Amino acid sequence: MMPASSPFTDQSGASGQNDRSGDIDPSRQPVIIAALRTPVCRANGALKKLRAADLLAPVLSALMEQTGAEPADVDDVMMGNAVGGGGNVARFAALQAGLPVSVPGITVDRQCGSGLDAIALASRLVAAGGDPLYLAGGVESVSTAPARAHRTDDGGLDFYSRAAFVPRTFGDPDMGVAAENVARHFAISRDRQDDFALRSHQRAVASAAAGSFLAETVPLDVDGRPVTADEGPKPNLRPALMKRFPAAFVPQGSVTAANSCFDADAAAAVVVTSLRRARLMGVKDGLLVLDSGTSGVDPQLLGIGAAFAAEQLLARHGMDPEQLDLVEFNEAFASQTLACLDHLGIDAERANLDGGALALGHAYGASGAVLVTRLLAQARRDYELRQREVTGIAMISIAGGMGTAALVKYRRF
């Protein structure tokens, strides 16, 4: 983890072309200059026929077109993926998108955090110097994920639905059971979970109606039919309906299908380069990546990992959560989202202004990159209102008891 005084951290607060004396070298300041995503659709829904590379390649192509970057100038393609079939989907999608064979690819697996960690990795490589340009993000096609099996002693196949995240001696709860553990440990009531989930749907529905997602979304073609919008937000969801859902994972529990996310198919990616190179490209704005970090927690309470990652990140920068203008948290479950926000002292009303994964869905390896895409779109809108720099954080909890967070600042160049 880099300290706040490292070249990874912008300290200037200046928005002009000239950096003040004592500021960091702009050739080592990572900046996200473009961010796009596909529609997020339910597993076995509108995107069920598209494999991971089919989801990701159009996003990469759109990013290249939007930025005007030369394909041969891309230094690497770094993509997160959790349940794909291996084979380095980053390299596959890069070639499918028309990038030249000289551009390599690497696939990152930190399960749900993979997309955000891929962006963090690219940012740290920019901070190392050299003015590189990376495509980074994540992709998940839950619909087409291969069946997985262990080889038994007699040579047979023992199929399993998910990989083990930690050794058995640590306990390895399923996601829903862990969400219930978090709800009980941190006293997150059923009413709070239902209210938060309902608000997520209401915000996502309102934002979609206002066209807030249009500029960040790359339409996909499925059998000649365009898929242009997120599939999950429910306009007719009401409090009375929320209360009718039974406990989904633990008898007499508070975690239900209504206050949990659904599995989804999606891809999201960004262009990461140095501030100096962005200026030379004529880019007008972007997200400065100030820092990032990952923390480990008790696997029995895996949903709380993002809070500890964010807490350490903010402490390194001497920041209070109240100084954050935007908060994007992956809403895998309402219980863990609320527990993390409570731990950080962040009012839940301030998080996920356009809704989150409870409404949009959780596309595993893509979800962390979706958060960053959302931050850039929101920061641009916020800047138009306030005419000042906007600071935001992306947070995601991860299977096995981990969490990743990234701190960013929007700036006009």
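Guide: Let's start with surfaces: accessible areas here come from the Shrake-Rupley method with a 1.4 Å probe. On that basis, the chain of this predicted model has an accessible surface of about 16,300 Å². Carbon and sulfur atoms hold 52% of that surface.

Visitor: How much of the chain is buried, and what share of the contacts joins residues 24 or more positions apart?

Guide: Of the 413 residues, 59% count as buried. Taking contacts with a separation of 6 or more, 80% are between residues 24 or more positions apart.

Visitor: And how far apart are the mean positions of the positive and negative charges?

Guide: They are 3 Å apart, with 38 positive and 46 negative charges in the chain.

Visitor: Let's zoom in. Why is Gln29 called buried?

Guide: Buried means under 20% relative accessible area. Gln29 has 0%, so it is buried. You'll find Gln29 in the segment before strand S1 (30–37).

Visitor: How do you know that the side chain of Gln29 makes a polar contact with Val289?

Guide: The cut-off for such a pair of N or O atoms is 3.5 Å. A polar atom of the Gln29 side chain lies 3.2 Å from the backbone oxygen of Val289, so the pair is within the limit.

Visitor: What about Asp285: buried or exposed?

Guide: Asp285 has a relative accessibility of 11%, which is under the 20% limit, so Asp285 counts as buried. Asp285 is in strand S11 (residues 285–296).

Visitor: Which side chains make polar contacts with the side chain of Asp285?

Guide: One is Arg380, at 2.9 Å, and another is Tyr410, at 2.5 Å. Leaving aside neighbours within four places in sequence, the residues in contact with Asp285 also include Ile33, Arg411, Arg412 and Phe413.

Visitor: What makes the phi of Asp223 stand out?

Guide: Most residues other than glycine have a negative phi. Asp223 is not a glycine, yet its phi is positive, about 55°.

Visitor: Where is Asp223, and is it buried or exposed?

Guide: Asp223 is in the loop between S8 and strand S9 (225–227). Exposed means over 50%, and Asp223 comes to 61%, so it counts as exposed.

Visitor: What is the phi of Gln252, and how accessible is Gln252?

Guide: Gln252 also isn't a glycine, and its phi is positive, near 60°. Its relative accessible area is 75%, which is over 50%, so Gln252 is exposed. Gln252 is in the loop between helix H6 (239–243) and strand S10 (264–274).

Methods:
Residues numbered from 1 in each chain as written. Predicted model: local features only at pLDDT ≥ 70, side-chain atom pairs only at ≥ 80, totals over all residues. Heavy atoms only, no water. Helix = DSSP H or I, 4+ residues; strand = E, 2+ residues; numbered from the N terminus. Buried < 20%, exposed > 50% of the residue type's maximum accessible area, 1.4 Å probe, protein only. Polar contact = N/O pair within 3.5 Å; in protein donor to acceptor, adjacent residues only side chain to side chain. Contact = heavy atoms within 4.5 Å. Lys, Arg positive; Asp, Glu negative; His and termini not counted. Charge placed at Lys NZ, Arg CZ, Asp CG, Glu CD.
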